[in-house]
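Today I went looking for pockets, and I kept these notes as I read. Have a look at the model alongside me.

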Amino acid sequence: MNYLKKLVWGAICLFFTLPSFSQEHPSIMLSKQNTEALRKGIQTYPLLKKSWKKVKSDADKAILEPIEVPTPKDAGGGKSHEQHKKNYTNMLNCGIAYQISADKKYATYVEQMLLKYAAEYEKWPLHPKRKEGHQGGRIFWQSLNDFVWQVYTIQSYDLVHDALSVSNRKTIESKLFEPILKFFTVDCAETFNKIHNHATWDVAAVGMTGYVINKPDYVQMALKGSAKDGKTGYLAQIDQLFSPDGYYTEGPYYQRYALLPFVIFAKTINNYQPELKIFQYRDQLLAKAIQTSLQLTYTDGTFFPINDAIKGKTYESSELIYGVDIAYADIKASAELLDIAEQQGEVIVSDAGLKIAKDLSEGKSKPFVYQSQLIKDGASGDEGGLGILRFGNNEDQQAVLVKAASQGMGHGHFDRLNLLYYDNGVEIFPDYGSARFINIESKKGGDYLPENKTWAKQTIAHNTLTVDQTSNFKANADLAQQSSGQVSYFKSDKDLQVFSAKESHAYPGVEMSRTTALLKVQELKKPLLIDIFRVNSEKAHQYDLPFWYKGHLVDVSPKTKNHTDQLKPLGSKYGYEHLWLNAEQAVPEKSGYLSILNNKRFYTVHFATDAPLNLKLVSLGANDPDSNLLESKAFILSSTDSKDQLFFSITESHGQINPVSETTTGANSLVSDLKIITSNPNQASLSFKVKGKTYQYQINYNNKENFIKIN
């Protein structure tokens, strides 16, 4: 246990000999001493003024509508579900509006709403449409949503606390918040003591409520778990769910989601107990987690959609607005965070938002710099990781992500050594993300669709190797959780960026290695994406290496001919049952290429291998009776009977089209003649030409000092 951990634990043990908390309200995101400064700030600083205008507008709309507290009955996206979500948002907006305007009508709205909940809450049983496989809530179909509701609601109560009568406060606390605390810690004890994002929301809700209504025992449970022994609870979650690099084990999408309870509970702890130095815990890990979360986005702000991700989510989400504001104001005032806040276009109307808006108006911002980096996974940083390679400015950046991390618990996909590629502001080789239409009730109530298991999680749905038409670990998440990928090498120089990793457990007796690079050569404006996937086995297998792509296929060699009158699924399970086989062509020379047009730019993928090869063109949509699957296309490099094999590909970004002037330039690739000279577990020696110039590319797998050699 490091010094800061010992300091925090010592302070916690000392603190909990005291009988109660100092009670001053508001005390979470807004503090009483900063209220006047905030009132002046909304008149002075443009971003704060804009954010306040939105909050006040929403609050004014809320108080004109009748208060509705419906009996819970609908699943995600249904009427009662959405009304309860709307209620906590309205209460928070009105709480902020009360603090800034001092107009009691806003506090009265919150008071009446909470009294209605207090009158009904204990009458409600578990939700009648509990989400399959999840612990049910009382207000919502899963307890997670109840936890989220309380994290927001306790903030609103804190904001209006002093405007409420003593008797009404007593009613709200005894009939609503205390039963909620009991439900969250006793009825939901299994979740409360997990190491998981659901538990993070649970402990944050309990801890924040315990602070605000002066229940020290619940705060202690939130910090240290039900047994108060530190094996579970908030601090254990920080220790076990994040790597030393600030990577959250479930992936970027859930890192974003989990950050809000982590940082807002930390903010509450810091306000009530600054002596705990919670923001210094694990070498400022929460600040690292926020920075890492931002680095796990493409330059348009979208998160890399690995694991169960809803695609299109950006750092403009409320969780990252909270995170960026708190990180800047309470941990470290990094000028790059001001740039992100400006891109987000709003701040929380709070102490932290005031500081951000003030410093932005004073010109202290610096551009946020995306970095090529290795991000390690695992509590000790020894469970593989992600390799991110980047080249170019934010307006037109190449970005490559290779995933060699752990399974990512229940939200993980079976995609060891998966590759994603972005360029020119768009996906080139995408990840499917999750099969889910969130909050669209007609699509299984907004829950994960059956195709999330049968398709989105399966290995063939990703840009990585499938062996014998079977997913990694035979799609057994518990088995996959026992091991991780292994990082072999990472390098980031001006003209060469490389990430190499291996996977030895996904398929018994099969060793896989992927070495991916961005290589800048003088003949081309943009680097080449060079990808070497090596597989070794004592037994023969079928190897399928798919490249899911966005755009239009404009050229292919060897020539393929699509089936025109009948399509058949490519297989019967592990995701293959969802693939239409559009075309299949033998590759007699063991090499070829495909050209794709995407966002007015060409991408030519040259490939070569050292074993007999078939090229398969596939599309997604077979065995999809409810039209749940999204349109997707891939080409698969497939070998049916190989032991050791190396797949060598180079993707060149080149040329453009102009639909307005109807001109095309640079449509022909300048790369040619891919050759595999030698391939074994110790070394791969390859060559290729660019505009007639030959390049020798050698990987020395066991030599970290001379891992890549280029001539």
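I began with the second largest pocket: H6, helix H8 (189-192) and helix H17 (450-456) each supply at least two residues of its lining. Helices here are DSSP runs of H or I with at least four residues, numbered from the N terminus. I noted that H17 gives the most to this lining, with three residues.

A word on the source: this is a predicted model, where local features need pLDDT of at least 70, side-chain atom pairs count only at pLDDT 80 or more, and totals for chains, interfaces and linings use all residues. Residues are numbered from 1 along each chain as its sequence is written, and side-chain values use heavy atoms, with hydrogens and water left out.

I then looked up which residues sit nearest the centre of the second largest pocket, and found Glu132, Gly133, His134, Gly410 and Lys453 among its 25 lining residues. My lining residues have an atom within 4 Å of a pocket point; a pocket is an open set of points on a 1 Å grid over the protein atoms alone, where a 1.4 Å probe fits, with protein on both sides within 12 Å along at least five of seven lines. The space in this pocket is about 790 Å³, taken as that filled by probe spheres set on the points, which are joined across faces, edges and corners.

Next I turned to the largest pocket, with a volume of about 1200 Å³. Of its 47 lining residues, Lys85, Tyr88, Tyr152, Ser318 and Glu319 are the closest to its centre. I saw that H4 gives the most to this lining, with seven residues.
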